[in-house]
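Here is a short tour for a reader who is new to this structure. Start with the view below, then follow the headings.

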Amino acid sequence: MSEVSVTKDPGGPAPAADDLVALAGVNKHFGALHVLQDIDLTIKRGEVVVVIGPSGSGKSTLCRTINRLETIDSGSITIDGKPLPQEGRELARLRADVGMVFQSFNLFAHKTVLENVTLGQLKVRKADKRAAEQKARALLDRVGVGTQADKYPAQLSGGQQQRVAIARALAMDPKVMLFDEPTSALDPEMINEVLEVMQQLARDGMTMVVVTHEMGFARSAANRVVFMADGRIVEEAEPTQFFNNPRSDRAKDFLSKIL
Ligand code: ADP
Ligand code: MG
């Protein structure tokens with residue numbers, strides 16, 4: 001497991017220099033629905049945080065606010081010490097820093113696998129075409145779909161498509177990767193091939209926020225489990241502690257239903 005070392009300033013504690021993502025007092029409404037309520041959450045460099053909770057508790061909305069697919073009503077979100085930009089080129093760059101993998105893959109259907117993985121590099125990172133393709137091929141190899149580069153997404157299995165989606169996000173050299181139920185739309189036999197890629201990413205030191213119902217992944221890969229219910233973070237704990245000794249009734253109830 002590669003660890004990210006953080007150099008401490010001997011002159012004094014550099015305030016949270018290793019916080020890569022920081023949400024403070026974040027609130028969000030959809031009309032009358034208070035979907036995120038006073039969310040305080042920090043994610044350190046190299047940390048893997050698994051977010052779990054009942055359907056409708058705000059997990060997807062939380063992910064979507066972190067790369068500003070949703071705006072917030074109050075509070076602040078910083079990525080690597082910088083506030084989320086509002087629009088324009090800065091926002092495009094922020095989105096590139098925050099890789100996102102969705103339940104539904106969201107690959108471009110009319111582009112090949114290779115084009116899916118080079119597009120962002122060319123448009124946002126202004127990479128040279130040859131360099132972008134070289135990098136894309138290396139990433140496709142890394143997630144085990146190197147031989148599929150010239151096919152279209154529909155010609156791939158769900159598990160392969162999701163691994164391409166991961167490669168596409170990685171091609172932007174993100175600082176943090178968000179996964180929103182990345183295996184929920186997959187046939188059971190394809191879940192592990194995606195989880196294994198995510199496990200490897202975690203071991204390589206990637207900072208990750210993962211919304212999932214895969215408790216085996218949470219137990220083995222997470223540094224911390226965040227349990228949400230009704231738009232609030234109800235409980236946060238190291239996985240063994242959370243699964244063996246949940247403190248809140250909400251978490252106990254949730255775990256009794258899924259385990
Ligand atoms: P989760 O991912 O935990 O299932 P979500 O973040 O998707 O929860 O949704 C939280 C709540 O917000 C749900 O009640 C959902 O119906 C509502 N919601 C989500 N997106 C929207 C939207 N764009 N407009 C209105 N309500 C929404
Ligand atoms: Mg969701």
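## Helices α4 and α5

This is a predicted model. In it, α4 and α5 pack with their axes 9 Å apart, at an angle of about 135°. The crossing of the two helices, α4 and α5, is right-handed.

Which residues of α4 and α5 meet? From α4 come Leu139, Leu140 and Arg142. From α5 come Val164, Ala167 and Leu170. By type, the residues of this contact of α4 with α5 are five nonpolar and one charged, with no polar residue.

## Helices α3 and α4

Helix α4 covers residues 129-142, and its axis comes within 9 Å of the axis of α3. The two axes, of α3 and α4, cross at roughly 125°. That makes α3 oblique to α4. Here too the handedness can be stated: α3 passes α4 in a right-handed crossing.

On the α3 side, the contact holds Val113, Leu114, Val117, Thr118, Gln121 and Leu122. They meet Lys129, Ala132, Glu133, Lys135, Ala136, Arg137 and Leu140 in α4. The residues of the contact of α3 with α4 divide into seven nonpolar, two polar and four charged. Leu140 is listed in this contact with α3, and Leu140 is also listed where α4 meets α5.

## Helices α5 and α6

Are α5 and α6 roughly parallel or roughly antiparallel? Helix α6 spans residues 188-203, and it packs with α5 at an angle of about 20°. Their axes, those of α5 and α6, are 8 Å apart. The angle is under 35 degrees, so α5 and α6 are roughly parallel to each other. The crossing of α5 and α6 is right-handed.

The α5 residues in this contact are Gly158, Gly159, Gln160, Gln162, Arg163, Ile166 and Leu170. Their partners in α6 are Met190, Glu193, Val194, Val197, Met198 and Leu201. Seven of the residues in the contact of α5 with α6 are nonpolar, four are polar and two are charged. Leu170 of α5 meets α6, and Leu170 is also among the residues that meet α4.

## The largest pocket

How much space lies in the largest pocket? The value is about 580 Å³. The pocket is lined by 21 residues, and those closest to its centre are Arg95, Ala96, Phe108, Arg168 and Met172.

Which element gives the largest share of the lining? That is α3, with four residues. The lining of the largest pocket holds 13 nonpolar residues, five polar and three charged.

## Two positive phi values

Most residues other than glycine have a negative phi. Asp173 has a positive value, near 50°. Where is Asp173? Asp173 lies in the loop between α5 and β7 (176-180).

Asp230 is not a glycine either, yet its phi is positive, about 50°. Asp230 is found in the loop between β9 (224-229) and β10 (232-237).

How values were computed: Residues numbered from 1 in each chain as written. Chains lettered and ligands numbered in written order. Predicted model: local features only at pLDDT ≥ 70, side-chain atom pairs only at ≥ 80, totals over all residues. Heavy atoms only, no water. 1 Å grid on protein atoms, 1.4 Å probe; cavity = no way out; pocket = protein on both sides within 12 Å on 5 of 7 lines; lining within 4 Å. Points joined across faces, edges and corners; volume = space filled by probe spheres on them. Nonpolar A, V, L, I, M, F, W, Y, C, P; charged D, E, K, R; others polar. Axes fitted to C-alpha atoms, helices over the stretch in contact; angles between N-to-C directions. Parallel < 35°, antiparallel > 145°, perpendicular 65-115°, else oblique. Left-handed = near helix turned anticlockwise from the far one by under 90°. Contact = heavy atoms within 4.5 Å.
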